[in-house]
Number of protein chains: 2
Amino acid sequence: MDSAKTTRRTVLAGVAAAAAFGLGTGTAQAETKGPKIGILLYDGFSLLDPTGPAEVLARLPGATVTMIAQERGPVRTDTRDVAVLAERSVAEVHRLDVLLVPGAGNRGTVAAMENPVLLDWIRRIHRHTTWTTSVCTGSLILGAAGLLRERATTYWASADYLEKTFGVRYVPERYVQVGKVVTAAGVSAGIDLAFHLASLLAGEEIARGIQLAVEYDPQPPFDSGDAAAASPELKALALKLLAESQV
Amino acid sequence: MDSAKTTRRTVLAGVAAAAAFGLGTGTAQAETKGPKIGILLYDGFSLLDPTGPAEVLARLPGATVTMIAQERGPVRTDTRDVAVLAERSVAEVHRLDVLLVPGAGNRGTVAAMENPVLLDWIRRIHRHTTWTTSVCTGSLILGAAGLLRERATTYWASADYLEKTFGVRYVPERYVQVGKVVTAAGVSAGIDLAFHLASLLAGEEIARGIQLAVEYDPQPPFDSGDAAAASPELKALALKLLAESQV
């Protein structure tokens, strides 16, 4: 017990907290034993698509989570309100254990689907991944890269497009696993996907530990998140709100 | 139907999609009729705390969401993996309709609680807000600024600290509203808070529309997110995973 430790405030209590939150922890990031997780950012992505999974997957023992884009630097969301820093360019990243491709509004999704640099990189990385994953319309980008087979999920409003364009069956689940490709439904479904991935990568006990670590005990105040149960009016409102918030 | 519209791909279908995703939308961001929402970033924040609410609140009609920090520029998360850009310094922001203070690991939380520049700014902004809100250990920062009364929530492992330090009762709900101060539980609870705020700011119908827009129909693969139901072993594991992922 050195003095730095004893004079330092600890705002988190519990069985392991005193030891856990002392100085000198946090060396896990420097290790390379855990999974290398890469998230592809591109202009117009939806903020929660990469950040929900990153919050969860960064808690895996020894894991590194890297935000990657065509070029290093800030990448702006669909609403233009927020920018997340890409720490690496695609040219700098050659191997990943997990690739995650987030979704975007129409503009961002279409631009990514038509970007040969991104599609080539996705295909190249996919060869050696353990899991190749997507959130929301990210599955359309995986489709454009030729990686979808049989079944997939995507944003509810893109289900028809997915089926017609890529000849796969849309499955309205939170996430759908076909071989090593795991697609998630819209935006917030990336969090559910991330816990599934956590259990695949590190076992169910660790996944449950992370669930408690981020207090993921969701209690939405309303019950309007399921497109299958939504009225045409609510669907129209949802798409209007999206369109008007996006640039 | 101009040619730019008809040649442009539309990957999202539905009642309003054709109109909603055409060119020339997205003017809402330029308007100032909606709520001005500010999120305070500081070194070591937990990524989902600000980004979950930002995803939801940015869909409110006419809303602006601004990431704010002591200085403009990239602000790094507790795991050091990810940086979000602060678009404004606290010195540049004088009025907000909604202030949201995210949580962090022990190091980041304590540093923010001891930072007079941030605490003074929070107090100053709070005078004119409609809602002053927090996620996770962000409530401890509101406490350090002198803004907590009677009841609040926080990260489960900080409940004792909250009660002893600020003399308020810890309520284990996803969010707790006392006057215009609304505190949320750990990390992912910020999303539930955001839907509550959305309904307060724009009404329940809009909040439900946003819920469908981000397909928030959570289905965690495990049921370990509630600290009240967790074993001491799982709590210890959760805190260990947090500590080892944080720097």
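In this predicted model, 102 residues of chain A are in contact with 102 residues of chain B. Between them the two chains bury about 9,300 Å², and 61% of that area is on carbon and sulfur atoms. Six salt bridges and 46 residue pairs in polar contact are counted between chain A and chain B. Over all chains, the salt bridges come to 22.

**Interface between chain A and chain B**

- The size of an interface is often expressed as the accessible area that is lost when the parts come together; for chain A and chain B this area is about 9,300 Å².
- The 46 residue pairs in polar contact between the chains all have both members at pLDDT 80 or more. Helix H10 (residues 232-245) of chain A supplies the largest share of the side of chain A that touches chain B, with 12 residues.
- By residue class, that side of chain A divides into 56 nonpolar, 25 polar and 21 charged residues.

- Arg76(A) and Glu87(B) meet through their side chains in a salt bridge, with an N to O distance of 3.1 Å.
- A salt bridge also forms between Arg208(A) and Asp223(B), whose closest N and O atoms are 2.8 Å apart. Arg208(A) belongs to helix H9 (residues 204-213) of chain A, while Asp223(B) sits in the loop between H9 and H10 of chain B, so this pair joins two chains.

**Salt bridges within a chain**

- In chain A, Asp192(A) pairs with Arg174(A) in a salt bridge whose closest N and O atoms are 2.8 Å apart. Asp192(A) lies in helix H8 (residues 189-202) and Arg174(A) in the loop between strand S9 (169-170) and strand S10 (175-178), so the bridge ties together parts of chain A that are 18 residues apart in sequence.
- Both Asp192(A) and Arg174(A) are buried.
- In chain B, Asp43(B) forms a salt bridge with Arg80(B), the closest N and O atoms being 3.2 Å apart. This pair links distant parts of the chain, 37 residues apart: Asp43(B) is in the loop between strand S1 (36-40) and helix H3 (48-57), and Arg80(B) is in the loop between strand S3 (73-76) and strand S4 (83-86).
- Asp43(B) is partly exposed, with a relative accessible area of 34%, and Arg80(B) is also partly exposed, at 29%.
- In chain A, a network of salt bridges links Asp43(A), Arg80(A) and Arg107(A).

**Residues with positive phi**

- Most residues other than glycine have a negative phi.
- Val187(B) has a positive phi, near 40 degrees. This residue is placed in the loop between strand S11 (181-184) and helix H8 (189-202) of chain B, and Val187(B) is buried, with a relative accessible area of 4%.
- Glu215(B), which is not a glycine, has a positive phi of about 45 degrees. Glu215(B) is found in the loop between helix H9 (204-213) and helix H10 (232-245) of chain B, where it is buried, with a relative accessible area of 7%.

**Buried threonines in chain A**

- Thr133(A) lies in strand S7 (residues 131-134) and is buried, with a relative accessible area of 0%.
- Residues up to four places away in sequence aside, Thr133(A) touches Val98(A), Leu99(A), Leu100(A), Val101(A), Leu142(A), Val182(A), Leu193(A) and Leu197(A).
- Thr109(A) is located in helix H4 (residues 106-113) and counts as buried, at 0% relative accessibility.
- Neighbours within four places in sequence aside, the contacts of Thr109(A) include Tyr42(A), Ala104(A), Thr137(A), Leu140(A) and Ile141(A). Among the contacts of Thr109(A) there is also a residue of chain B, Val11(B).

**Domain annotation**

- An unreviewed UniProt entry lists residues 36-198 of chain A as "domain: DJ-1/PfpI".
- Over residues 36-198, chain A is 33% helix and 25% strand, and the end C-alpha atoms of this stretch are 13 Å apart.

How values were computed. Residues are numbered from 1 along each chain as its sequence is written. Chains are lettered from A and ligands numbered from 1 in the order in which they are written. This is a predicted model: local features need pLDDT of at least 70, side-chain atom pairs count only at pLDDT 80 or more; totals for chains, interfaces and linings use all residues. Side-chain values use heavy atoms; hydrogens and water are left out. UniProt positions are given in the numbering used here, feature names are shortened, and annotations may be inferred rather than shown by experiment. Helices (H or I, at least four residues) and strands (E, at least two) are DSSP runs, numbered from the N terminus. Contact means heavy atoms within 4.5 Å. Buried area is the accessible area (1.4 Å probe) that two parts lose on being put together, summed over both. A salt bridge is a side-chain nitrogen of Lys or Arg within 4 Å of a carboxyl oxygen of Asp or Glu. A polar contact is a pair of N or O atoms within 3.5 Å; within protein, one must be able to donate a hydrogen and the other to accept it, and residues adjacent in sequence count only if both atoms are side-chain atoms. Ala, Val, Leu, Ile, Met, Phe, Trp, Tyr, Cys and Pro count as nonpolar, Asp, Glu, Lys and Arg as charged, and the others, Gly among them, as polar. Buried means under 20% relative accessible area, exposed over 50%, partly exposed in between (1.4 Å probe, protein chains only).
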